[in-house]
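Please look over the sequence and the model below.

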Amino acid sequence: MVKWQESNKLLLTVLAATATRVFTLWIDKAEFAGWLNHTTYYFVQVRGLLQHGTLAYKDMPLLFYLYGMVAKGFGVLGVEQNDAIVISTRLIMCLAPSLIAIPIYHIVKRINGQLPIQRNQWILIFLAGFLPLSVSYMPEFLQKNMFGLLILSTLLYYSRRLFEKAAVKDAVISVVLALVIVLSHYGTFAAMVLYGLAAFLAFSVVSKNRKNILIAGLALASAIVMASALTYLFDPQRFERLFVYLNDSLANSLLLAFLNGGNNQTENMPSLGGLAIFYLLLFLFYRVYHRYKSSLAIPDRIFWLANILFSGLLLLPILDQQLMGRLALFLSIPLLIILIYNEKYGFKRPWLKTWIHILLAVAAIVLAFGELMSSRIHNRNHEQIVADIKDLQSQHPLDGNDLILTPTGADHVCNWFLGVKAGVITSLNLRDFETYHNVYVLNPIEGNLNFQGIENRTIKSEADKYLVMRRNIPKPKGIEPLFQTENIEFFKLEEPPMEWTFTDDGSWSGYTKGND
């Protein structure tokens, strides 16, 4: 009877979370989701897979294959291909974040042992279906992150089972989940490696068996090597970026920016202050763990400590700031697990438990409402933008022999809606003016054209490249727009502009003075 009631509660949690996302991601939602919204990137990738059998851009393929299979199913039912692709991505992104409640539910069951799940624990399980930024932001903008969170949370559950008993079945499932992560998303792979390191450190602290510690270390190292090899096989550029981050991480870190002083010191004070509060909170969580660890079973000692360490590793101030921002998206899972342990062992007074869970529930509702409102506000003029894109296509017919240069994000919009090759300016080569019949520039206009920080900018680092990719492309002197609205500026380049610089091998390398 208790098991049946718990299953019903879990089902209702998943359904409530899914229904919320159907409302935010699907109902009355334009196909165009924003110039810098990566939604169209996933559309383009799946269309390339269905039409040509390969991804349009090199990337880890698994999520796109999943989208493609679902889209194929809708195609069998008579749905037009583009519509089937949109439906498949939205369907999976409504389900994936909602399903995170399931592994969290099973983690609570493991921690409780034979005891039934309490009311306050159900609040935490419910919150797992509404993690921060999972209502609309990640399911639209960072779909691989969102899918990765689901698989990572499931992997954490199976790691808890392995800490209890090293069953072959659980080990095989864990290996499969790790492969799914590697083949889905590089960022989730990085988070998984950090969890593996945290789990190994926790195991080393709790276990007294040196042989087992050595075996665990060798297994972790072997897994990282094999996973890295798979990443290199599918996406060599993304693999090489790992060494860029390793080499430049400290130089671009929050800590070094603060220590170097100057304007950065003042600008980074709020971030460092927030980080200090976070680590203080993590220390308090550790104190609770330390107080009760002697009363815990060995698996719980390892798992609780592993999640504390994992949380700390995700926000190390010596990491590249952009990388740290991406890794922070995975923080909600270990923090939720820490709260589950604190709810069971640390929060002894009933009124304290109640108020903490009320505050958490209110915070989740506020964040979800904020995501919903932000999504609605930013979608206000999207139908007009689609109309402008269609007008552009009718006035200036484009085909596969044309190239459009745009800021990052808008290239996928051009590819999806206009059916042409599009790319960012940093990927341009002089040969492209010979390869393509026409080279155009499309600048999305969001209030004003944004050229901030790119005047006389030469690409000397990844940071320079990233900045230029996100900015509009200045119109060279003497060129008039072929098409212009409140949302789009579109002009043609007959030849490489004198105001642009190129390296000896023809790669675009920066701007000089002279743009309009």
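The buried residues of helix α9 (residues 168–182) pack against α3 (62–76), α8 (143–164), α10 and α11, where helices are DSSP runs of H or I with at least four residues, strands are runs of E with at least two, and both are numbered from the N terminus. Those buried residues are Asp170, Ser174, Leu177, Val180, Ile181 and Val182, buried meaning under 20% relative accessible area, exposed over 50% and partly exposed in between, for a 1.4 Å probe and protein chains only. This is a predicted model, in which local features need pLDDT of at least 70 and side-chain atom pairs count only at pLDDT 80 or more, while totals for chains, interfaces and linings use all residues. Residues are numbered from 1 along each chain as its sequence is written, and side-chain values use heavy atoms, with hydrogens and water left out.

The 15 residues of α9 should span 21 Å at 1.5 Å a residue, and the end C-alpha atoms of α9 are 21 Å apart, which agrees; the expected span is 1.5 Å times one less than the number of residues.

How do α9 and α10 pack, and at what angle? Their angle is about 140 degrees and their axes are 7 Å apart, the axes being lines fitted to C-alpha atoms, for helices over the stretch in contact, with angles running from 0 to 180 degrees between N-to-C directions. That makes α9 oblique to α10, since angles under 35 degrees count as roughly parallel, over 145 as roughly antiparallel, 65 to 115 as roughly perpendicular and the rest as oblique. Ala178, Ile181 and Val182 of α9 meet Thr188, Phe189 and Met192 of α10 in this contact, contact meaning heavy atoms within 4.5 Å. By class, the residues of the contact divide into five nonpolar, one polar and no charged; Ala, Val, Leu, Ile, Met, Phe, Trp, Tyr, Cys and Pro count as nonpolar, Asp, Glu, Lys and Arg as charged, and the others, Gly among them, as polar.

Helix α10 (residues 186–206) also packs with helix α11 (residues 210–234), at an angle of about 175 degrees and with axes 10 Å apart. The two helices are therefore roughly antiparallel to each other. Their contact includes Phe189, Val193 and Leu197 of α10 together with Ile213, Leu220 and Ile224 of α11, and by class it has eleven nonpolar, six polar and no charged residues.

Asparagine 438 lies in strand β3 (residues 438–444) and counts as buried at 18% relative accessibility. Leaving aside neighbours within four places in sequence, asparagine 438 is in contact with Asn401, Asp402, Leu403 and Lys492. Its side chain takes part in the polar contacts tabulated here, a polar contact being a pair of N or O atoms within 3.5 Å, of which, within protein, one must be able to donate a hydrogen and the other to accept it, and residues adjacent in sequence count only if both atoms are side-chain atoms.

| Side chains joined | Polar contact |
|---|---|
| asparagine 438 and aspartate 402 | 2.8 Å |
| asparagine 438 and lysine 492 | 2.9 Å |

Most residues other than glycine have a negative phi. Leucine 133, in the loop between α6 and α7 (137–141), has a positive phi near 70 degrees and counts as partly exposed at 34% relative accessibility. Asparagine 456, in the loop between β3 and α23 (462–469), has a positive phi of about 60 degrees and is partly exposed, with a relative accessible area of 35%.
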